[in-house]
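These are my notebook entries on one structure, kept in the order in which I looked things up. I put the model on the screen before writing anything down.

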Amino acid sequence: MLIEKELMSPGINLVQHQNPEVPGLMFLRGSLNLVLGHLQDRNNPQIPIRAETATVKEIHSVLYRERSDKAGLSDVRPSCEEMLDICRQIMDWSPRTAHPHFVSQIYSRADLYGIGAEVIVAALNNNVHVFQLSPALTVIEKVTVEYLSDVFGFGAVGGAGYAEGAFVPGGSLGNLHALYVALHKFNPALREDGLPVNGKQLVAFCGEGAHYSIEKAAMALGIGRSNMRKVPTDTDGRMRVDLLEAAIIESVAHGETPFCVCATAGTTVLCAFDQLVPISEVVRRYGLWLHVDAAWGGAAAFSPRHEHLLNGLDQADSLTFSAHKMLGAPIQCVAFLVHARHPGLLQRAMSLDAPYLYQNSTGNRNAEPDLSRMTLQCGRRGDALKLWLMREALGDAGLSRRIDDCVAWAEGFRSEIQLRESKGSGFILYKCSFSTVCFWYVPRAMLPVRVMDLEHGTADWNVVDEIPDKVRNEMIESNDCMLVSYGSTTGLPRFFRLGLSSAPGTQAQCSSSIEIILNHIENIAERVFAVR
Ligand SMILES: *Cc1c(COP(=O)(O)O)cnc(C)c1O
């Protein structure tokens, strides 16, 4: 308390204070002020996305500018002010993800309640592996898993109970957990004996649009990348259900052992939603595990208007959901859930006894849950607090509005692109799904060009293909506006892809950002084309 008071009163020379923690506390106060300064006005489009751009070399040389010993081994440490200067510089180099024109990847502005939660989680430094060492954060994680279980139709009170689950460090790790649990369900002896099973090759399936972490999980688990079979997708990017079934039949005919299908709700590039109802029917027919990677599109479940996109999700056996994408929790905030129809499975698959850690004296382990029994990790962060506090503050209505506003913004982009297309400008809409808008820009001198021409390959295919990359590079170098990423699918030129994750604010701000972003793309593309 004394320290707190002293920190608040400006006249006291804290450095002279007896408490050895005081310099650290001074730095902390300064860095929190820096953070508040960084966040205020964060929606202001006038502030550049990055205050400064720098190469690896430049960053390195500035960080070690004042140092003769490059390794920083000397005993002369920077003062508190110097430390804060370094931090300010780090912030200046970093892209401002809250900027209304930051449409680079499928995450952006972090929620302020979520950032507050992040700070608390760091300050508490509780390890959410066993209950005694993180009682509040453990209960919050359990309650949040139950909340998500309800939201995703994975089990509720009154029915089979809630899904089991845990927060994991990232969507990729969520997908790894899924494949591991599916393997365990397929054959619990694998835990002891490892692969292979009766000399037969284990095989799983995902759509061609699946996130690459699905293949990585197959690599990591020893199933092998080539045994994660990629099922072709339809023109909307959804896994072809007929071809999925054909692939399963073929695999069995070859003497292999299929065990799992990984569908995607909201693919990373096109935001395609696999058709979970017919897929789940196929999966049941062959007795496989159905995992749904809903890292990106799972956000639809929070909106009554868009939840239909996830029809059939309740038929899945497990899911991954990233609250740090469209919901706007700070990175990372990812849940992995196993449906309530598999009670105890997650813990049976994951749990190992470690007498130095699990020392629950009550004898009843379920009374005091130790959450690291649910994941591949031992030590764990209290990531759930971010989503929990956000829901407390915003309510279901606030969360659904966030999703609806973002989708409305995407629809605004789509209408404007179509309008410009109809007026003979170079924009050509490719796809718009949920909050993802994909389009091409064809330089005016090349027009007319239609989607059909691109699909069938016109002479200037290569020009159209190069434009997104050139525009992106120019945006990064000039740093005058936003960062935009591009997408690609086989057989088509690369296209611009806006994976929008949070609308900039008012209607007027949304419209203005649409104008600015599209004009910017158009100007750069025309300029780049002119100097070819
Ligand atoms: C982003 C994403 C992931 C990976 O999530 P990370 O948290 O980046 O590991 C997995 N699947 C899909 C569909 C995604 O969009």
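Which residues are linked in a network of salt bridges? I find E416, R420, R444, E515, E522 and E526 in it, where a salt bridge is a side-chain nitrogen of Lys or Arg within 4 Å of a carboxyl oxygen of Asp or Glu.

Before going on, I note that this is a predicted model, in which local features need pLDDT of at least 70 and side-chain atom pairs count only at pLDDT 80 or more, while totals for chains, interfaces and linings use all residues. Residues are numbered from 1 along each chain as its sequence is written, and side-chain values use heavy atoms, with hydrogens and water left out.

**Entry: salt bridges**

By the same rule I count 25 salt bridges. One of them joins R381 to E118, with the closest N and O atoms 2.8 Å apart. Because R381 sits in the loop between helix 12 (345–350) and helix 13 (384–422) while E118 belongs to helix 5, this pair ties together parts that are 263 residues apart in sequence; helices here are DSSP runs of H or I with at least four residues, and strands are runs of E with at least two, numbered from the N terminus. I looked up the accessibility of both partners, taking buried as under 20% relative accessible area, exposed as over 50% and partly exposed as in between, with a 1.4 Å probe and protein chains only. R381 is partly exposed at 40%, whereas E118 is buried at 17%.

R527 and E474 also meet through their side chains in a salt bridge, at 2.1 Å from N to O. R527 lies in helix 16 (residues 507–530) and E474 in helix 15 (residues 461–478), so the pair ties together parts that are 53 residues apart in sequence. Both count as partly exposed, R527 at 45% relative accessibility and E474 at 24%.

Helix 2 has 18 residues, and I read 26 Å from its first C-alpha to its last, close to the 26 Å expected at 1.5 Å a residue, the expected span being 1.5 Å times one less than the number of residues. V22, M26, G30, S31, L34 and L39 are buried in this helix, and D41, which follows it, has a positive phi near 70°.

L32 lies in helix 2 (residues 22–39) and is partly exposed at 37% relative accessibility. With L28 and V119, L32 makes a nonpolar surface patch of about 230 Å². Patches take residues with over 30% relative accessible area and no salt bridge, joining like charges within 9 Å and nonpolar side chains (Val, Leu, Ile, Met, Phe, Trp, Tyr) within 5 Å; the areas come from the Shrake-Rupley method with a 1.4 Å probe, and for residues only the protein chains shown count as cover. V119 is placed in helix 5 (residues 112–124) and is partly exposed at 41%.

**Entry: helix 11**

Which residues of helix 11 (residues 276–285) are buried? I list L276, I279, S280, V282 and V283. Seen down the helix axis, they fall within an arc of 160°, so they line one face of helix 11; the arc is that of the directions from the axis to the C-beta atoms. These buried residues pack against helix 10 (241–253), strand 4 (257–264) and strand 5 (289–293), with contact meaning heavy atoms within 4.5 Å. After helix 11 comes G287, whose phi is positive, near 65°.
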